[in-house]
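Morning, everyone. Let's walk through today's structure together. Here it is.

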Amino acid sequence: MSDWRDLDGVRQPLPLDDRTTDRLLAGMVDPDDAPPGYAGLARALGTARGPVEAGELVGRDRIVAAVAAAVAEASPPTTVSIPLRRRSMVSRLFGTKVAAAAMTTVLLATGAAAATGSLPGAAQDAANAVADRVGVTLPLGDSTDVVPASTQGKDAQTARDARLAEHDADEAPADGSGDVVTDPLTDVPVVPDDDSENGTPASQEGVNAHIVRDLRNSDDPAADSTLDWKALRDQFHAEHKAEHASDPAPAADDAQARRDEHLATVEQEKAERDAAKDARPADDADDQGDDVADDDNADDQGDDVADDDDADEDESGKGQTHEHDDDEHEDDEADAPAAG
Amino acid sequence: MSLGPEFESVLCAAQAGAEWAVDVLFREYQPALLRYLRACEPRAAEDLAGEVWLALAPKLAAFMGDEAGFRGWLFTVARRRLTGYRRQAAGRRTAPVPGEHFDGFAATDDPAAEGMAFLAAQETIDRLVAHLSEDQAEVVLLRVVADLSVTEVARMTGRTPGAVRVMQHRALRKLAETFSEEAVTR
């Protein structure tokens, strides 16, 4: 018989309880006190948990410095940063609301002052120009007492008055040439509707066109920005009304004179034809073969009438259109019974 | 491998950016961290250890817990870094130790005891895990080298504590057979 220790390879280490296992793994079991079969393992585990060896702290200074710097850089104190961030958010929202309320108040106050005409002259003019573009009428400001900064030392109002006064001496080109003018109120291109006799604009668009053309020909860069369209328009109408009141030769009187002259010419030709008819019997008795010549005379008379019409056109057609001539003939026909 | 009562004050100083406190933590935990990483990936252990410390640094101020919790956090980060490295490199679990490496430790009288006496810590660890499966080696390393509890190991590895206990029992019995003085003597 052999001892049980001779059964090599058959013996197995005894199973361990949990407490012994934990102590063994923690290196708390001395190899001499280890359970049977676990002495070598206890020694190996103790060696594995041994003290620090050479080479295990390589790069210590570099890694420690990097970690310390990263910690200091990326870690503000949490207990302090949260309240500060909340206060900052509240103050920022409060500040934004206050700024918005102040801006609204300033805008409302400026609008109210502009609506009541309480702004200073230049500011009121600017507000008026802006309001005109959106179709709102505001009271006019007194811009003469305050010189706008944009005029750079020039009295813009005085310059506009002077240009409007000079406008009386200017005549619009008859062929409509020149710059394309747009209505400042509607930005629509405007064809000047001038009176053919004296260049006076006959419609509102004509007035606006004249004003715009005058100001665009000027050298004042601030004229457009400080322009008071309604005031200039009213002033322009008033000046031209006074001019027409003092005009000694109205256009209607000239047309009447031309009609009287034309009627006198027609009367004279008629009298000459009657005199020629009275003398014709004597000519027939003398020469029966002059019928052709008489016809020629008749044709000549017709030609004379036609020539008179051409003469009328030449006299009255200076710078005028055929439409105007037709109107004159119609007037002649309408006035003929009364004139006859 | 424990700071004991001093851990709390050292941690507070380290969270404020004190370099001396970081140095204390490094000297305390770097050897175990390096041994664990060397047992798993010997070629990249030093680099992975540095990455672990730098990964902990930005979040160190927000850490709340005791020393065991800090150790568990440290090795959790190390394990994730190790997993990422292995996924990228598709490396092997451990570096195999050639048999000739242990020839010099053989002796006639008590070769096992004498050999164990001269083995360094890392070499012993390498021998331990070389005889275990991957899961068993991981459990033993975390329990021995990282000095983590069964609960911590179960949480890190995604297993139940009972499964971890069963696994460590089997591993110890297998290692006991391997390192048995009687078996070596024969």
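Are Arg71(B) and Glu67(B) buried or exposed? Both are buried. Buried means under 20% relative accessible area, exposed means over 50%, and partly exposed is in between, with a 1.4 Å probe and protein chains only. Their side chains meet in a salt bridge, 3.9 Å from N to O. A salt bridge here is a side-chain nitrogen of Lys or Arg within 4 Å of a carboxyl oxygen of Asp or Glu. Arg71(B) and Glu67(B) both sit in helix H4 of chain B, four residues apart, about one turn of the helix.

Some ground rules. This is a predicted model, where local features need pLDDT of at least 70, side-chain atom pairs count only at pLDDT 80 or more, and totals for chains, interfaces and linings use all residues. Residues are numbered from 1 along each chain as its sequence is written, chains are lettered from A and ligands numbered from 1 in the order in which they are written, and side-chain values use heavy atoms, leaving out hydrogens and water.

Chain A next. It has 11 helices and two strands. Helices (H or I, at least four residues) and strands (E, at least two) are DSSP runs, numbered from the N terminus. Along the sequence the pattern reads α-α-α-α-α-α-β-β-α-α-α-α-α. Chain A has 340 residues, and 26% of them count as buried.

Now helix H3 of chain B, residues 45-56. Its 12 residues reach 17 Å from first C-alpha to last, close to the 16 Å expected. That expected span is 1.5 Å times one less than the number of residues. Its buried residues include Leu48(B), Val52(B) and Trp53(B). What do the buried residues of H3(B) pack against? They pack against helix H3 (60-74) of chain A, together with helix H2 (19-40) and helix H4 (67-89) of chain B.

On to the interface. The contact takes 44 residues from chain B and 41 from chain A. Contact means heavy atoms within 4.5 Å. The area buried between the two chains is about 3,900 Å², and carbon and sulfur atoms give 62% of that. Buried area is the accessible area (1.4 Å probe) that two parts lose on being put together, summed over both.

How many salt bridges does the rule find across the interface of chain B and chain A? Six. One joins Arg49(A) and Asp147(B), at 3.4 Å from N to O. Asp147(B) lies in the loop between H7 and helix H8 (150-157) of chain B, and Arg49(A) in the loop between helix H2 (39-48) and H3 of chain A. Asp147(B) is partly exposed, with a relative accessible area of 26%. Arg49(A) is partly exposed too, at 26%. There is also a network of salt bridges linking Asp18(A), Asp22(A), Arg143(B) and Arg165(B).

Back inside chain B. Arg38(B) forms a salt bridge with Glu46(B), the closest N and O atoms being 2.8 Å apart. Arg38(B) is buried, at 19%, while Glu46(B) is partly exposed, at 37%.

Last stop: Glu41(B), in the loop between H2 and H3 of chain B. Why does Glu41(B) count as buried? Because its relative accessible area is 7%. Its C-alpha atom is 7.7 Å from that of Leu82(B), 41 residues apart along the chain.
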